[in-house]
Amino acid sequence: MGIVSFISTVPSFSAVGPLLFPSTSTSASTTTTTKSPAVSGYSINAGKVRCSVEGDNGGEYQVGRRDILRCFGAAVGMEIITSYGSFVEEAYAADLIQRRQRSEFQSSIKQTLSKGLKENPDLIPSVLTLALNDAVTYDKATKSGGPNGSVRFSSEISRPENKGLAAALNLLKEAKKEIDLFSKGGPISFADLIQYAAQSATKSTFLAAAIRKCGGNEEKGSLLYTAYGSAGQWGLFDKQFGRSDAQEPDPEGRVPQWEKASVQEMKDKFKAIGFGPRQLAVMSAYLGPDQMATETLLATDPEVAPWVEKYQRSRETVSQTDYEVDLITTLTKLSSLGQQINYEAYTYPVQKVDLSKLKL
């Protein structure tokens, strides 16, 4: 009887099992299995893969290349699966650590910004406009500009469209000093700082509205905002964390002077960055210090007026749902225009403990 066989020579096999190989009358593929210790909570079978074809003395049965490759592929696949599982576990653990680090840093940033705005409520409108002006420098044709922190440069903050915003920028610079002190993953970029300040300022306006509806009672207003507010809608915004700072001012002429601009000029600018009348209406608080005056102007345009009225009605309700959700959605998109987010920003290596140096 002639026997043609192939035994895998790939080292360090750890089969993930049970793995079954069918047998037929013309060939016999057997797996000799032995129990091995459990790996990652699973009991597995380990052994060797043996592929053979047995024929009679006539020698009519032969092994083809496809048969050999099939056996070899099964053996190699077993090794890859085992090593891949270990790699996935390590990668998942590293990802969890990085997400926790970023989340903790974000919490510190929000606390610092919220505290600063609470002590300087008169600067909230300016912070909103500062974030808007830093973002609307985005140019779709050249893929340049956007929320990149370029407004921090003296030559840009001194432009006519940024008149009156220097105090807001100085407030954020002071907050940055405090934030950078407790950062373990490097200083926060101005690009992130400005947009997260806008988030904190927006939340402050939501909370202030809830307090007004409770007759000025801060405790009841906070409970109202917690129960009916939009705090759960900020998830996507918080993921866009890791913007890069521009190294020079953005080109001039890209930002209107909102208080002097006509509604058509505002519409044209919003259209240039991919927005429409709806987004223009919902961002009325970002276009100047007096939201009601801005909305009165916007309502003169037949395309914008229906949205202004919609959001005014929404702000009269307990939850302000339509207004808050649409504003959060618009700010999320605005704050990431043209940005390549570094999702590993502000992470840092975790110091490993040398167990050999521990004294018991």
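User: Leaving aside neighbours within four places in sequence, with which residues is valine 318 in contact?
Analyst: In this predicted model, valine 318 lies in the loop between H11 and H12. Valine 318 and tyrosine 228 are 90 residues apart in sequence, and their C-alpha atoms are 7.3 Å apart in space. Once neighbours within four places in sequence are set aside, the contacts of valine 318 are Lys213, Leu224 and Tyr228.

User: Is glutamine 320 buried or exposed?
Analyst: Glutamine 320 is placed in the loop between H11 and helix H12 (321-334). Its phi is positive, about 55°, although glutamine 320 is not a glycine. Most residues other than glycine have a negative phi. The relative accessibility of glutamine 320 is 4%, and buried means under 20%, so this residue counts as buried.

User: Where is lysine 143 placed, and is it buried or exposed?
Analyst: Lysine 143 also has a positive phi of about 55° without being a glycine. Its place is in the loop between helix H2 (124-135) and helix H3 (154-157). With a relative accessible area of 59%, where exposed means over 50%, lysine 143 is exposed.

User: Which residues does aspartate 322 touch, not counting those up to four places away in sequence?
Analyst: Aspartate 322 lies in helix H12 and counts as partly exposed at 39% relative accessibility. Twelve residues along the chain separate aspartate 322 from lysine 310, and their C-alpha atoms are separated by 8.2 Å. Not counting residues up to four places away in sequence, aspartate 322 touches Lys310, Tyr311 and Ser314.

User: Why does the pair of tryptophan 307 and tyrosine 311 count as stacked?
Analyst: Tryptophan 307 and tyrosine 311 are four residues apart in helix H11 (residues 305-315), which means a separation of about one helical turn. Their ring centres are 6.4 Å apart, and rings pair if the centres lie within 6.5 Å. Planes under 30 degrees apart count as stacked, so this pair is stacked because its planes are at 25°.

User: What is the relative accessibility of tyrosine 311?
Analyst: The tryptophan 307 side of the pair is partly exposed, with a relative accessible area of 26%. Tyrosine 311 counts as buried, and its relative accessibility is 0%.

User: What is the relative accessible area of proline 306?
Analyst: Proline 306 has its place in helix H11. Proline 306 and proline 277 are 29 residues apart in sequence, with 9.3 Å between their C-alpha atoms. Proline 306 is partly exposed, and its relative accessible area is 45%.

User: Over which rings do the charged ends of arginine 243 and arginine 315 sit?
Analyst: The charged end of arginine 243 is 5.9 Å from the centre of the ring it sits over, that of phenylalanine 237. For arginine 315, the charged end is 5.0 Å from the ring centre, and the ring is that of tyrosine 323.

User: Why is H5 largely enclosed by the rest of the structure?
Analyst: Helix H5 (residues 190-213) has 24 residues and reaches 35 Å from first C-alpha to last, close to the 34 Å expected at 1.5 Å a residue. Glycine 215, with a positive phi near 70°, follows H5. The helix is largely enclosed because the buried residues of H5 number 17 of the 24.

User: Which residues touch the most other members of the largest nonpolar core?
Analyst: This core has 65 residues, and those touching the most other members are Tyr286 and Leu334. H5 gives the most to this core, with nine residues. Leaving aside neighbours within four places in sequence, leucine 334 is in contact with Leu132, Ala135, Val136, Pro147, Ile273, Phe275 and Met283.

User: What percentage of the residues of the protein count as buried?
Analyst: The protein contains twelve helices and three strands. Of its contacts with a separation of 6 or more, 74% come from residues 24 or more positions apart. The accessible surface is about 20600 Å², and carbon and sulfur atoms account for 55% of that area. Among the 360 residues, the share that counts as buried is 39%.

Terms used: Residues numbered from 1 in each chain as written. Predicted model: local features only at pLDDT ≥ 70, side-chain atom pairs only at ≥ 80, totals over all residues. Heavy atoms only, no water. Helix = DSSP H or I, 4+ residues; strand = E, 2+ residues; numbered from the N terminus. Expected span 1.5 Å × (residues − 1). Buried < 20%, exposed > 50% of the residue type's maximum accessible area, 1.4 Å probe, protein only. Core = buried A, V, L, I, M, F, W, Y, C linked by side-chain atoms within 4.5 Å. Contact = heavy atoms within 4.5 Å. Areas by Shrake-Rupley, 256 points an atom, 1.4 Å probe, with all protein chains shown as cover. Phe/Tyr/Trp six-rings, centres within 6.5 Å; stacked < 30°, edge-to-face > 60°. Lys NZ or Arg CZ within 6 Å of the ring centre and 35° of its normal.
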